[in-house]
Amino acid sequence: HLESLRPLAERLFTDPFAEALGGPLGKTVIATHSSFTSEGKLRLGLVDLIAARTRKIDDELSLALTQYGIRQVCALGAGLDARPWRLSPPSVAADPSFGSPAASAKVKYFEVDFPEIFEYKLPVLQAAGATSAFDYISVQVDLALPDWEYCLFGAGFQPNQPTLWILEGLTGYL
């Protein structure tokens with residue numbers, strides 16, 4: 001949410017759903033991990049590091065979809081990220097370099113996380129009017145379970161397809 005308070009030219013990204021998803025607790029966490037100078041500028045802190053990470057992943061996602069023709073994305077430990085709602089995949093229907101009719105299909109975007117995350121996240125996004133331009137699929141499973149990948153396969157994940165894997169923030173829990 002704090003990134004949206006910066007002037008538009010200074011923002012690393014825009015997330016119109018961050019404030020709704022964060023709720024009152026999110027505001028408390030942000031206040032704890034960030035501070036403003038007397039001029040109203042945000043000081044470097046955890047919030048800035050997360051913003052830079054978010055922008056880097058957004059850029060890599062765009063590159064994977066436009067330059068490498070990736071048609072499947074899988075975010076493990078997706079949390080309250082709203083990337084599938086705030087970004088749009090490029091249109092490949094008119095791009096002959098992708099060759100096959102299947103290439104014009106929507107990019108599949110799988111998010112894998114605890115069921116409780118989606119029980120909170122999806123209704124908040126729906127109430128905020130969010131729609132995804134991706135073929136969005138939530139996979140509700142505990143990644144600590146030894147066979148979580150079978151839930152992913154059951155949701156339509158194609159293991160033989162090139163995939164962009166996103167582990168934003170997940171590795172800190174391993």
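A residue counts as buried when its relative accessible area is under 20%, as exposed when it is over 50%, and as partly exposed in between (1.4 Å probe, protein chains only). The model is predicted, so local features need pLDDT of at least 70 and side-chain atom pairs count only at pLDDT 80 or more, while totals for chains, interfaces and linings use all residues. Residues are numbered from 1 along each chain as its sequence is written, and side-chain values use heavy atoms, with hydrogens and water left out.

Confidence comes up first. pLDDT is the predictor's confidence in each residue, from 0 to 100. For the protein chain its mean is 81, and 75% of the residues reach 70 or more. Over residues 92-104, though, pLDDT stays under 50. Where pLDDT is low, the predicted coordinates should not be read in detail.

Next up is helix 4. Helices (H or I, at least four residues) and strands (E, at least two) are DSSP runs, numbered from the N terminus. Helix 4 takes in residues 115-127, and its end C-alpha atoms sit 19 Å apart, which agrees with the 18 Å that 13 residues should span at 1.5 Å a residue (the expected span is 1.5 Å times one less than the number of residues). Phe-118, Lys-121, Val-124 and Leu-125 are buried in helix 4. Looking down the axis, the buried residues of helix 4 fall within an arc of 150 degrees, so they line one face of the helix; the arc is that of the directions from the helix axis to the C-beta atoms. Over on the other side of helix 4, Glu-116, Glu-119, Gln-126 and Ala-127 are exposed. After helix 4 comes Gly-129, with a positive phi near 80 degrees.

Lys-121 also turns up around Asp-81. Asp-81 belongs to the loop between strand 1 (72-76) and helix 3 (83-86), and it counts as buried because its relative accessibility is 16%. A polar atom of the Asp-81 side chain lies 3.2 Å from the backbone nitrogen of Arg-83. Leaving aside residues up to four places away in sequence, Asp-81 touches Arg-86, Tyr-109, Glu-111, Lys-121 and Glu-168, where contact means heavy atoms within 4.5 Å.

Finally, there is Glu-60, which lies in helix 2. Glu-60 is partly exposed, with a relative accessible area of 33%. Although Glu-60 and Ile-166 are 106 residues apart along the chain, their C-alpha atoms are separated by 9.8 Å.

Note on methods:
A polar contact is a pair of N or O atoms within 3.5 Å; within protein, one must be able to donate a hydrogen and the other to accept it, and residues adjacent in sequence count only if both atoms are side-chain atoms.
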